[in-house]
Amino acid sequence: MKKFTKTLAGILAGLTMLSGCGTEQATEGVETVTWYVPMLITGNGKQEVLDKVNDILETKYNLKLDLIGIDSGNYNNKMQVMNAGQEEYDLAFTSHWKNSYSTNVSNGVFYELTEEDLKKYAPKTYESMSDNVWKAVKIDGKIYAVPNWQIQTRAACIYTPKEFLDETGESLENIKTLDDITGYLRKVQAIHPNCNKIKAMWTQLMPYYNMIEIYEEKMPGAIVFNKEGKPEVINQYDTQEFTDYIDLRQDWVAEGLCTDKYLPDSNADKKEIKEEPIWVHVYSPGGDAILSQSRGYEMVFKQFSNAVMSSTGVTAALTGISATSKNPTAALKMIEVINTDAEVHNLLSYGIEGVDYVKTSENQIERKEEKTFRGVDNWMMGTIANTYLLSNQSPTLIEETKAFNDEAMPSPLLGFNANVDNLTLEISNCKTVINEYLEMLDLGLSDDAKLAEFRAKLDEAGVDKIVSELQSQIDEWYAAQ
Amino acid sequence: MQEKETAKAKPKVKKRKYRYGHWAMTAMLSPAVIFVFIFSYLPMIGLIIAFQNYKYNLGMFKSPFVGFDNFKFLVFSDTFMELVRNTIGYNMAFIIFGMVAAVLVAVMMDMVHKKVLVKIYQSTMFLPFFLSWIVVSYITHSLFQFDYGIINNLIRSFGGEGISFYSEGKYWPLILTVVSIWKSIGKNSLVYYGAILSISPELYESASLDGCGGFAKFRYITLPHLKSTMIILTIMAIGGIFRSDYGLFYYLPKDSGALLDWVDVLDTYILRSIRSTGNIGVSSAAGFLQSIVGFVLVVATNYVVKRIDEDSSLF
Amino acid sequence: MIENKFQKILSKTIANIILIVVALSCLIPFVIIISASFTSEGEIIKHGYGMFPRGFTLDAYKMVMHSSGELLDAYAVTIYTTVVGSLLSVLMTIMAAYPLSRKDYKWQRIFNFYFYFTMLFSGGAVPSYILISNYLNLKNNILVLILPLMFNVWNTFLLRTYFQQIPSAMWEAAEIDGAGQFKILFQIIVPMSVTGVATILLFVMLAYWNEWYLCLMYMSNEKVITLQFYLSRVLSEIEDTVNNRSGTIAMNMDVSNLPNETARMAMCVLAAGPMMFVFMFFQKYFTKGLNVGSVKG
């Protein structure tokens, strides 16, 4: 019995000791800002990098950053429960595709940012982005998040290994439509008959079909402009374009241009067998260089649709201040720091010079093979404009991006954000249906019967109500402009 | 006799001790009572969320009440009947087939007699019980993966066409049932094996003398002995008929949209609706419904069992 | 008589064969995982998974070990929570099961129901989260990986059944001798129910070892993560990257460096292995079967 008590006492002592580890002491006057991002920050050098960041933040700005990376797959789950549980934190990554901006705003998750606040605490950030950008994040005329400046327009784009072009003698200049892509795939097929050649997704092709999604990725309700230039809401899944696209995908499968089997996580060594080497995705200046680096072989790309600046382009990467934040001004200041202090942002994105990367020119770097820090992608926190470029990226990438953003046609509906509060049942029903069917259709693995079934189920789920409600909201908004 | 003696020697001791015993036992129980109160009963206050239009910024105590709207939303949504069908269907399969498998394995273990062999069987069958669902999902992945999964390799080696398991829902009821039984067979058969061991060997001997064959012995001796264990386990399982093991239904099918029709159950629905729509009210309503249905079913089943056989009832 | 004997042997053989098949079905997946973890990636792609490793390589293990100090951290945390948590938990379960097993205990029925009720009703994910993070302030505290799992009603009822099988004369005699209830419990009842205690100890250890949800929800300190959470995170990261649900091209994600098939299998072995080892020590307690009882006690 005595022995037992002793052991127990020992355990309890150990417990209290360990539980003390969790809390850290804050220095006087320094304001700590907690920031959640959907990316694991790992590596043995992590602590050193974060310490360095905090040294700078403390001495220069009297701030301290508590950066928390959640793996992308669990991020939604964790943020939703945290938000629902009114957890106290300051900043979080939000967007239309992860940690949904519109849902969060309608649930009151984010702190409203007034223009005065922005001008006062984050003046440079505020000025660095055009009125259109700010318009795009407004919901009911109010701003709830700061955009991370990056490519903010959407255009369809094809990424392909350069090797394939050389082998087939094809030139990217000739690729202007999806049919051209089919032709190219056939040529590749002649040389590489046994690989799953292409990955493409319907949502990424919306600009190609001149459709603009309204409130959330994949959800029914898209805008097209009719002959008089008036916006019309349609169910994008019930269009000739969608039928054509699905037919095309099925043809690709039938011809063996891409696999006829669903591989939910086939993770075979990408370097060797080049699983899905060709990719139809959104255009992003410098994207070829990033892909080349992460895949280990050279990639080239070409945009093949108009570029449209719509709300979804801007809301692809935002930073929101939590309504539970004890200190929203400090949080806003922190955003300003990331957007203006290149040293801090570079540390967080790439780690320490000499350890994790080497400079190859004034603003370009090469990441080391044996790097000890895997940081946050530069577009996940703040602007990409002040971070280094990769050595294989164009040195004028930022200017190119800027020009691309400026030249893109702004969607006439910029600033319109749908209020979907009355549509929750329909949206949730449609979500289930889309979850169930879209992926297989999108892979060309379903037949026409499935497509009909998909459409019928969407009808049942109330897609018409969504379309007509959105149409009336847009008409109202349009008339008011 | 003894009682009388002690009572004589110290008249009030017995009574005081009796009371002391109660307090001591209550004291022993108290940590558990407190823990359960904190970690199980306190969160039940949160069941009110099921009746609210839960707003994150207002929280549990300030969000507006909306009556049964969340329940209506849930019940009238397209998927509800499918969810109920899947949840109950899978649970029934797990309960029935799981029990049959466990009883059969236990009976056969008893037939084997050789202790060394029984030990080996038991230990190997216990192995899957130790795996987390995540690890199990890796195993099923290696079995059912299209390109190099074992099952497809086998099919191809016999000249067949590979099956794309992760896009064909119809295989999953079988897969999930087998995996669920597979994972718990070691533990469940042990429960019945214990009960069989407690049957007096004399009963079997006298039955043999009466000329009973193996099956008759099983039918008239073994089964009746296992009855109460079977009933208790079944009642307990029925209480959970609206619930399911999240890990099994989430990790194994890999949340693949094409399989949802076949594998979506209430628990995966609840977590998905928290994750993607942020609709906490509805997910709470679903949870509440699970509890209520379980509670009613347990009480009802118990009542029926009690009417038939008092001893076998749960409470 | 001869026929009878023949029948007996036949049925015995059939039983053996069936049991061997079942046992093999439980064993083979382990063999596959272990052999895959020692196989080279190329072989798997070429020939698929198999029972025996084609060639032998430690590459997968090297990769898993090399890529992360995190794995070691996860081991440390998991071992700590498993050891501390299960000891405390077993202690608490013993102390709860004993009064519940005593029919003469005044509130036995009430408390039995008090516990049973929680098996049916639960508050749900969000209220639990609010309680633990906002009121108990257990976020980022290692205790959060221990406390919520510490008391398990099912285990308590299981142990209670073992206690009930002890003849009442045992504790009656001790009570008359003036022994306190704690003394009776720890000196008489527990030593007589070693099997039961060992059983729940194993179950509790397993629960702690396989825990990942609490870690996901309440820990944001990456030094303090559990093994299974580490596994699930790797898995979810792979799925998310490969399926590329994101709208933007991830820069810091090296697709080519994600653990591949064999590395995942190696992680499985590393995550599940230690529990298998522990089980060997407990094995002897299980030959007599498990006992379950009813709520009424």
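Guide: Strand β1 (residues 31–37) of chain A and strand β3 (residues 91–94) of chain A run parallel and are joined by two bridges. Strands are pairs in this sense if DSSP finds at least two bridges between them. The elements themselves are DSSP runs, numbered from the N terminus: helices are H or I over at least four residues, and strands are E over at least two. Tyr36(A) has Ala92(A) in β3(A) as its bridge partner.

This is a predicted model, in which local features need pLDDT of at least 70, side-chain atom pairs count only at pLDDT 80 or more, and totals for chains, interfaces and linings use all residues. Residues are numbered from 1 along each chain as its sequence is written, while chains are lettered from A and ligands numbered from 1 in the order in which they are written.

The two strands belong to an open sheet of five in chain A, in the order β2-β1-β3-β15-β6 and with mixed pairing. β2 (63–69) and β6 (145–147) of chain A are at the edges; each has a single partner strand, so one side of each lacks a neighbour in the sheet. On average, neighbouring strands of this sheet are turned by 25 degrees against each other, direction ignored. Angles run from 0 to 180 degrees between N-to-C directions, and axes are lines fitted to C-alpha atoms, for helices over the stretch in contact. Across β1, β2, β3, β6 and β15 (318–321) of chain A lies helix α14 (residues 328–340) of chain A, at about 80 degrees to β2(A). Contact means that the C-beta atoms of two residues, placed from the backbone, lie within 7 Å.

In the loop between α3 (72–84) and β3 of chain A is Gln86(A). Gln86(A) counts as buried because it has 20 C-beta neighbours inside 10 Å. A residue is buried with 20 or more other C-beta atoms within 10 Å of its own, exposed with 12 or fewer, and partly exposed in between, C-beta atoms being placed from the backbone. Most residues other than glycine have a negative phi. Gln86(A) is not a glycine, yet its phi is positive, about 50 degrees. Another residue other than glycine with a positive phi is Asn210(A), near 60 degrees. Asn210(A) belongs to the loop between β8 (198–200) and β9 (212–213) of chain A and is partly exposed, with 14 other C-beta atoms within 10 Å.

Nonpolar here covers Ala, Val, Leu, Ile, Met, Phe, Trp, Tyr, Cys and Pro; charged covers Asp, Glu, Lys and Arg; the others, Gly among them, are polar.

The contact between chains B and C takes 77 residues from chain B and 80 residues from chain C. Helix α2 (residues 13–41) of chain B has the largest share of the side of chain B that touches chain C, 15 residues. That side divides into 51 nonpolar, 22 polar and four charged residues.

Chain C has 13 helices and zero strands, and 49% of its 297 residues count as buried. As for confidence, pLDDT is the predictor's value for each residue, from 0 to 100. Chain C has a mean pLDDT of 81, with 84% of its residues at 70 or more. Among its elements, helix α4 (residues 70–101) of chain C has the highest mean pLDDT (92) and helix α2 (residues 41–47) of chain C the lowest (69). In residues 244–248 of chain C the pLDDT is below 50, and this stretch has ten contacts in the model beyond near neighbours in sequence. For the complex, the predictor gives an ipTM of 0.83 and a pTM of 0.81.
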